[in-house]
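Take a look at the model below.

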Amino acid sequence: MNPANYLYVSALLFTIGAIGVVVRRNAIVVFMCVELMLNACNLAFVTFARINGNLDGQVVAFFTMVVAACEVVVGLAIIVTIYRSRRSASVDDASLLKR
Amino acid sequence: MTSNSLVYLIALPLFGAAVLLLSGRRSDRWGHIFGTLMSAGSFAVGVSLFLKMLGNPTGERALTQKLFSWISVGSFQVDAGLLADQLSICFVLLITGVGTLIHVYSIAYMSHDLDRRRFFAYLNFFIAAMLLLVLGDSYLNLYVGWEGVGLASYLLIGFWNQKPTYATAAKKAFVANRVGDMGLSLAIMIAFATLGTVSFQGVKEHASQASTGSLTAIGIMLLVAATGKSAQFPLQAWLGDAMAGPTPVSALIHAATMVTAGVYLITRSNFIFDLAPTAQLAVAIIGAITLLFGAIIGMAKDDIKKALAASTMSQIGYMVLGAGLGPAGYAFAIMHLLTHGFFKAGMFLGAGSVMHGMNDEVNMRRYGGLRKFMPITFATFGLGYLAIIGVPPFAGFYSKDKIIEVAFNAGGVKGIALGTAALLGAMITAFYMTRVVILTFAGSKRWDDKAHPHESPFLMWAPMVLLALGSVASGFFFTHGNSLRNWLAPVVEATPSHEGELLSPAVVSILALVLVAIGVGYAIIKYLLNEVPQVAPADVTVFTKAARKDLLQDNFNEAVFMRPGQSLTRGLQVADTKLIDGAVHGIARLAIGSGNLLRKTQTGFVRSYAMWILAGAIALVATIWVVTL
């Protein structure tokens, strides 16, 4: 199969994720969209590794996964704490530093 | 020849000043005695040096002493060195001799002043600075003393600075002197730039190699310096106000010594002026203008000290005129300086004695008939008076007539103009000095009953008597066998004028005496035979009004220098606040404004930040895409 198709999928996924981050208010959904973008990147990395015939892209993809896992741990903890104290997971409400 | 004792001349009074100033009130009880002793000690050293010089052959009389190496930069060397040659020693004896007499006088004169110790400290400091001025062996050393006497003059004019007008007078003197000092520093700089040296010896040796233009520039700048310090036209306005200082100060600094520093400077720089005829002519012209200027002011002053100050200005005009006449005149300028030192200091002390007896009244219209109450003051003042108007055989006759004679013989139109000015000055001098004497000592009493005129104590009249003796005898002593002229010859290379004699000495003397008689006679008619009003008459000519206001020199200075100067400062202040501060504040305002604009993007909404990041990323990708296309 033409490797370029994977790239199209990756771009599509990334776009969906980016639009989700900008448009949605719920912190959990925003978070999931961020994960979507990360995975879109991973897909692009792996595809390029396949196209170029070396392992560099795959190595970076592993790194991204590790970072994403850490990020999920910290991010979810923050979101849960915010939800506990404010009874809301809306990212628009969490603008206390400005107001 | 070197001599190790030169430094003591300066060190003794300097030590006195330091002790008196540093020990504070503790030395109040003996400070005046100590200061007088230091000055007398300096005089003793001066006399011993003079005797030593007399014992040496003519060519080897100059004594030098190197104190320390002052500036040493590559090939440029300036030593702090002292030089006592035939010219310097005349000044040393005058400064320390008259200075010591005035110290003695001040003990009595200032006895009621709480700050007498401080007064003696300043007097001692002045003596030290003045000695440094005349003993320095380079223009740079001279400059230190030059500034020192300016400071001493400022401190002493403003000695009673609790009166704002006195403090202002001190400031005025200081500012006018600064203008002159600038001239001296410029002269030194030009000399260094063109000749590469600032020592008298070096400048003398190299002067002939410099161009006439640069020598003229040095000469004119030295003249500016002399006009400032010696109260010559156009910087003379400060001297009248300087009479705010205590009378001994007026006698010592503003009559006998400091104001003659300009004459010393010109005479010392004879090797420059002799090679720069234009500058020399300028000196003579300034002298002639000032001698008339001062004399005219002197005619209209009712304040006895201001009348004497105007007379000082006029007499220094004679000296500067003499110094401006070249080798023929230097010796006579110095002779007049020395005789003037005696008679003018004596008359100032006399004026102080009169004020002492009259509750510090200075208006001569409130005196009258004082000769019966103050016989010694009258006698000493009278001898000084006879000396200044030039009656033979008193001192002024010898020195002033010689200057008039040399002026006439300078040749051509220049000689006739300068000589006529000097003769005219002699007549006016006779008039105003007679006026001073008549108003003060003769006629009927015009003081009120509160004044109790009395003779001054011994400590005051003794110095006056000694100075009066000097005003009687010094002229004859200096002229006898051309003694002073021959004495000064190695320094100023006195050569008689080569121009033909226009007027012989006898003719000049007779002319001068006739004019003096006219001046005296007119004053007698006007002030002795007619009633003198207690208040100066108001319906006088414009001319008299101008003379009472120092010939409008203050108004001129105010209109030409002070007002535009103030406008300039105000303009600069506006430029500073509007332009420079405006630029600085403008930059700050720009930063604040742009910050305010950028702050609007900080909404606090995570999604809007994400939007910005996305937009940035898209813009970046788009740019790369466009570039690689």
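**Contacts, spans and helix pairs**

Nine residues of chain B are in contact with nine residues of chain A. Contact here means that C-beta atoms, placed from the backbone, lie within 7 Å. On the chain B side, five of the residues are nonpolar, three polar and one charged. Nonpolar covers Ala, Val, Leu, Ile, Met, Phe, Trp, Tyr, Cys and Pro; charged covers Asp, Glu, Lys and Arg; the others, Gly among them, count as polar.

The model is predicted: local features need pLDDT of at least 70, side-chain atom pairs count only at pLDDT 80 or more, and totals for chains, interfaces and linings use all residues. Residues are numbered from 1 along each chain as its sequence is written, while chains are lettered from A and ligands numbered from 1 in the order in which they are written.

Now chain A. An unreviewed UniProt entry places the feature "transmembrane region" at residues 6–23, 28–48 and 60–83. UniProt positions follow the numbering used here, feature names are shortened, and annotations may be inferred rather than shown by experiment. Residues 6–23 of chain A are 100% helix and 0% strand, with end C-alpha atoms 26 Å apart. Residues 60–83 of chain A are also 100% helix and 0% strand. Their end C-alpha atoms lie 33 Å apart. Helices (H or I, at least four residues) and strands (E, at least two) are DSSP runs, numbered from the N terminus.

Chain B carries a domain annotation. UniProt (unreviewed entry) gives "domain: NADH:quinone oxidoreductase/Mrp antiporter transmembrane" for residues 138–421 of chain B. That span is 76% helix and 0% strand, and its end C-alpha atoms are 34 Å apart.

Which helices of chain B pack at an angle of about 15°? They are H2 (residues 31–55) and H4 (residues 116–135), with axes 8 Å apart. Axes are lines fitted to C-alpha atoms, for helices over the stretch in contact; angles run from 0 to 180 degrees between N-to-C directions. H2(B) is therefore roughly parallel to H4(B). Angles under 35 degrees count as roughly parallel, over 145 as roughly antiparallel, 65 to 115 as roughly perpendicular and the rest as oblique. Residues of H2(B) in the contact include Gly31(B) and Met38(B); those of H4(B) include Phe120(B) and Ile127(B). The contact residues comprise five nonpolar, six polar and two charged.

H15 (residues 327–357) and H20 (residues 483–492) of chain B cross at roughly 125°, their axes coming within 10 Å. H15(B) and H20(B) are therefore oblique to each other. Their contact holds eight nonpolar, no polar and one charged residue.

Notes. Contact = placed C-beta atoms within 7 Å.
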